[in-house]
Amino acid sequence: MQFRKATLSDFPSAAGIIRLAVEHMLIHGRTQWDMSYPTDADILNDITDERAFVLTDSGQTVVAYGAVSFNNEPAYNNIEGDWLSDTPYVVVHRLAVAPSERGHGYGRIFLESVETLASATGIGSFRIDTNNDNTEMLSLLSRLGFEHCGTVNYDHGKRMAFEKLI
């Protein structure tokens with residue numbers, strides 16, 4: 001397994017993973033993502049802004065994609081609730097695992113890799129948000145020790161906000 005920054009050559013794989021994740025959510029009646037978000041443009045922006053990361057298997061096939069940011073997430077400034085800390089944090093958006101690779105722990109490995117990266121740079125907080133119907137992500141966050149802190153608002157809806165001190 002390799003966790004690394006995505007390059008433009010990873011775009012087709014990353015965009016394909018996101019498209020399939022959107023389809024999966026829609027098929028299961030979930031409302032977090034749809035055909036208007038996330039888009040190919042979001043993925044390209046992640047890559048060009050150097051916040052796109054991929055997890056590859058031993059054959060270097062991209063199995064998971066996510067946007068990792070060490071910058072402020074504006075939506076987090078107005079949480080309905082309380083964060084655990086008031087320190088710099090890392091945040092992950094648009095995390096998706098290739099449907100054919102689900103059940104192998106790649107989402108966990110991706111998030112643990114982000115945690116290791118953040119810790120190595122002196123960041124002591126990890127924040128993330130998800131929709132209330134994203135059962136897989138909610139379960140993963142619970143298993144990894146994230147605590148529910150409240151709700152954040154985006155133009156496309158409210159999300160449950162979580163934080164883990166690292």
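## Elements and a first landmark

Helices (H or I, at least four residues) and strands (E, at least two) are DSSP runs, numbered from the N terminus. On that basis, Pro-99 sits in the loop between β5 and α3. This is a predicted model.

Pro-99 is partly exposed, with a relative accessible area of 34%. Its C-alpha atom is separated by 10 Å from that of Glu-23.

Several of the pairings can be followed residue by residue. β3 (62-69) and β5 (90-97) run antiparallel and are joined by 5 bridges. Here Ser-69 stands opposite Val-91 of β5. Further along the order, β6 (125-130) runs antiparallel to β8 (residues 157-165), with 6 bridges between them. Arg-127 has Glu-163 of β8 as its bridge partner.

β8 also pairs with β7 (residues 147-154), again antiparallel, through 7 bridges. In this pair, Thr-151 is bridged to Met-160 in β8. How many residues lie between β7 and β8 in their hairpin? The hairpin has 2 residues between the strands.

In a regular strand the side chains alternate between the two faces of the sheet.

## Inside strand β5

Which residues does His-93 contact, leaving aside its neighbours within four places in sequence? They are Gly-66, Ala-67, Glu-73, Tyr-76, Asp-129 and Tyr-154.

Arg-94 is also found in strand β5. At 12% relative accessibility, Arg-94 counts as buried. Its phi is positive, about 55 degrees, although Arg-94 is not a glycine.

Helix α2 covers residues 40-48. Ile-43, Asp-46 and Ile-47 are buried in this helix. Why do the buried residues of α2 line one face of the helix? Seen down the helix axis, they fall within an arc of 95 degrees, so they line one face. An α-helix has 3.6 residues a turn, so residues three or four places apart point the same way. The cover over the buried residues of α2 includes α1, β2 (52-56), β3 and β5.

The loop between α1 and α2 holds Pro-38. A cis peptide bond joins Tyr-37 to Pro-38, with omega at about -10 degrees. After α2 comes Glu-50, whose phi is positive. That phi is near 60 degrees, in a residue other than glycine. Most residues other than glycine have a negative phi, and most peptide bonds are trans.

Is Glu-50 buried or exposed? Glu-50 is exposed, with a relative accessible area of 54%. It is found in the loop between α2 and β2. Arg-94, the other positive-phi residue described here, is buried.

## The largest pocket

What is the volume of the largest pocket? It is about 850 Å³. The pocket is lined by 41 residues. Closest to its centre are Trp-33, Leu-95, Ala-96, Asn-134 and Met-137.

α1 (11-27), β3, β5, α3 (106-120), β6 and α4 (135-143) each supply at least two residues. β5 gives the largest share, 7 residues. By residue class, the lining divides into 17 nonpolar, 13 polar and 11 charged.

## β5 in summary

Conventions: Residues numbered from 1 in each chain as written. Predicted model: local features only at pLDDT ≥ 70, side-chain atom pairs only at ≥ 80, totals over all residues. Heavy atoms only, no water. 1 Å grid on protein atoms, 1.4 Å probe; cavity = no way out; pocket = protein on both sides within 12 Å on 5 of 7 lines; lining within 4 Å. Points joined across faces, edges and corners; volume = space filled by probe spheres on them. Nonpolar A, V, L, I, M, F, W, Y, C, P; charged D, E, K, R; others polar. Buried < 20%, exposed > 50% of the residue type's maximum accessible area, 1.4 Å probe, protein only. Arc of directions from axis to C-beta. Contact = heavy atoms within 4.5 Å. Pairing = 2+ DSSP bridges.
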